[in-house]
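Good morning, and thank you for coming. I would ask you to keep the sequence and the structure in view while I speak.

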Amino acid sequence: MTAFDELMRFQRDTQALAEIAGRLGWDQETVMPEGAAPQRAEEMAAIENVLHARRIDPKIADWLGSIESSQLSPADAAQIREIKRAQARALKVPVDLSMAIARATSAAQRKWADARAKDDFTAFCPVLEEIVALRREEAAALADGGDLYDALLDDYEPGASGQDIQTMFDAMRPRLVKLRNAALGSTHQPEKVIGTYPSKKQMKLSAKLARTFGYDLTHGRIDKAVHPFSSGSGLDVRITTRTSETDPFNCFYSTIHEVGHACYEQNVDRAYLLTPIGRGASMGVHESQSRIYENQLGRSRAFSAWLFDRMHRRFGYAPASDADTFYGTVNRLEKGYIRTESDEVQYNLHVMLRFDLERRLIAGQLDVADLEEAWNARFVADFGYEIDRASNGVLQDVHWAVGLFGYFPTYSLGNVYAGCLHAALRNDRPDLDAQLAQGNATYATNWLRANVQQHGALYAPQEVIERATGRPVSVEPLLSYLEAKFGEIYRI
């Protein structure tokens with residue numbers, strides 16, 4: 001057995017253990033008994049201890065030193081790239097710190113859910129202070145004197161920087177604000193959702209939507225959670241959604257969104273299973289899949305007409321009188337607090353708020369004790385109305401509770417990437433709408449599988465998008481798409 005073969009066998013075991021840790025996280029968010037939280041925190045810390053030890057095992061350096069890079073295939077070279085990157089990061093972070101982060105973030109999830117249910121940020125504040133302190137300590141270890149936020153962002157979007165994100169947001173914000181104000185001020189307003197839609201029927205239709213977009217339920221499942229998410233890779237990829245009997249779109253589009261994530265993981269080349277490149281290239285590329293599934297495909301005029309018909313069949317009625325009106329309702333802009341329920345135009349404005357606040361937290365420019373006040377003031381400045389309660393504001397997202405600092409901007413990167421991919425998809429599949437109108441999403445999803453998903457982490461994030469589209473990454477396709485779509489809907 002060659003040194004490369006021995007290294008990859010070792011890495012497959014490491015990845016298998018990481019998948020077990022992920023399954024513990026899924027269980028915690030779906031079916032774990034409430035009283036099990038303290039023990040689960042210790043279990044997560046213990047498995048992180050094992051994973052950390054494997055990532056810094058001296059044998060890795062020995063194997064790497066024995067491998068002749070000139071004899072590697074492109075896929076094997078990418079495996080080595082990812083192994084070196086993971087090892088370099090792991091060597092900088094003390095194992096006790098890694099365990100403390102795993103323990104604290106596991107315990108914090110239930111405490112966040114309780115505080116959110118009670119609209120009580122004060123009760124959660126000490127928990128978040130601990131997590132911010134731990135992640136700042138980790139960032140300092142990783143940054144080698146550089147920017148702390150960039151060190152954390154690199155976990156989710158390798159090669160990106162806070163300044164890159166700021167430049168992107170500066171280019172997007174004026175046009176998004178202008179479009180939002182024009183739409184909300186238009187005399188033509190689409191109809192609101194009306195009616196009541198039983199949760200059980202929503203879940204049945206959600207399963208249908210998941211299959212329509214290519215989710216393989218023999219290697220996955222759909223459950224409910226407070227905050228929808230996708231978990232796993234390869235042969236076991238699970239998603240969650242949530243229901244509101246007065247807002248069925250919350251369930252349907254959360255499902256389609258998470259299916260985009262899940263299909264990415266399910267469609268990675270099986271030759272990469274349980275290896276460092278057997279997963280998505282980055283969270284930005286991951287979000288490109290969930291966002292294009294949810295928005296450019298799922299909220300398109302063609303597909304919404306099919307969904308209108310299916311809602312009539314399932315519920316006996318739909319939230320609008322006809323398919324054309326339904327399309328406007330599906331894409332209606334409304335004042336609201338919740339990022340995950342936001343329309344395409346305002347979504348990135350929610351992300352910008354979080355990006356600025358978490359950068360300040362990690363830089364030590366904002367204390368956790370002042371976070372709720374800062375959030376509320378920023379929301380008024382950005383959206384023009386006041387937060388009514390903590391669950392609609394600073395407590396609405398689970399990300400900071402689980403230590404995901406640097407994650408939020410990948411949502412907007414995903415939107416930008418999705419805009420680029422959608423333009424290329426439309427160019428390659430000019431009759432796409434005819435297929436979507438029949439409820440056939442495979443015309444689009446097969447293109448995404450071939451051009452993005454099958455490669456896993458073979459290529460760097462922006463290279464994935466540029467290879468798929470033949471063009472440099474740009475905000476222009478997304479902004480042009482939004483202006484054209486909502487200009488038509490709102491007659492502006």
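Arg491 has a relative accessibility of 66% and therefore counts as exposed. On this scale, buried means under 20% relative accessible area, exposed means over 50%, and partly exposed lies in between, with a 1.4 Å probe and protein chains only. Please bear in mind that this is a predicted model, in which local features need pLDDT of at least 70 and side-chain atom pairs count only at pLDDT 80 or more, while totals for chains, interfaces and linings use all residues. Residues are numbered from 1 along each chain as its sequence is written, and side-chain values use heavy atoms, with hydrogens and water left out.

Arg491 is found in the segment after helix 20 (476-490); helices here are DSSP runs of H or I with at least four residues, and strands are E runs of at least two, numbered from the N terminus. The phi angle of Arg491 is near 55°, a positive value in a residue other than glycine. Most residues other than glycine have a negative phi. Asp119 also has a phi near 55°, again positive in a residue other than glycine. Its place is the loop between helix 5 (95-118) and helix 6 (121-143), and with a relative accessible area of 31% Asp119 is partly exposed.

I turn now to the charged pairs. How many salt bridges does a search of the whole structure find? The count is 33, where a salt bridge is a side-chain nitrogen of Lys or Arg within 4 Å of a carboxyl oxygen of Asp or Glu.

Arg89 belongs to helix 4 (residues 74-92) and Asp154 to helix 7 (residues 148-156), so the pair ties together parts that are 65 residues apart in sequence. Arg89 and Asp154 are both buried. They also belong to a network of salt bridges that links Arg85, Arg89, Arg135, Glu138, Asp154 and Asp155. Asp309 and Arg310 form another salt bridge, at 2.6 Å from N to O; Asp309, at 30% relative accessibility, counts as partly exposed.

Next, the aromatic residues. A pair of aromatic rings is described by the distance of the centres and the angle of the planes. Rings of Phe, Tyr and Trp (its six-membered ring) pair if their centres lie within 6.5 Å; planes under 30 degrees apart count as stacked, over 60 as edge-to-face and the rest as tilted. The count by this rule comes to 22 aromatic pairs. In one of them, Tyr337 and Tyr385 have ring centres 5.8 Å apart and planes at 70°, so the pair is edge-to-face. Tyr337 lies in the loop between helix 13 (323-330) and helix 14 (344-363), and Tyr385 in the loop between helix 15 (371-383) and helix 16, so the pair ties together parts that are 48 residues apart in sequence. Tyr385 also pairs with Phe379: the centres are 5.3 Å apart and the planes at 80°, so this pair too is edge-to-face. Both Phe379 and Tyr385 are buried, Tyr385 having 15% relative accessibility.

One aromatic cluster is formed by Tyr156, Tyr347, Trp375, Trp400, Phe405, Tyr407, Phe408 and Tyr411. Over the face of Tyr411 lies Arg339, 4.4 Å from the ring centre. Such a charge sits over a ring if NZ of Lys or CZ of Arg is within 6 Å of the ring centre and within 35 degrees of the ring normal. The charged end of Arg467 is likewise over the ring of Tyr459, 3.9 Å from its centre.

Which residues line the largest cavity? They are Trp112, Phe121, Phe124, Leu128, Trp375, Val394, Leu395, Asp397, Trp400, Ala401 and Phe408. A cavity is a set of points on a 1 Å grid over the protein atoms alone where a 1.4 Å probe fits but cannot get out, and lining residues have an atom within 4 Å of a point. Helix 6 gives the most to this lining, with three residues.

Note on methods. On a 1 Å grid over the protein atoms alone, a cavity is a set of points where a 1.4 Å probe fits but cannot get out, and a pocket is an open set with protein on both sides within 12 Å along at least five of seven lines; lining residues have an atom within 4 Å of a point.
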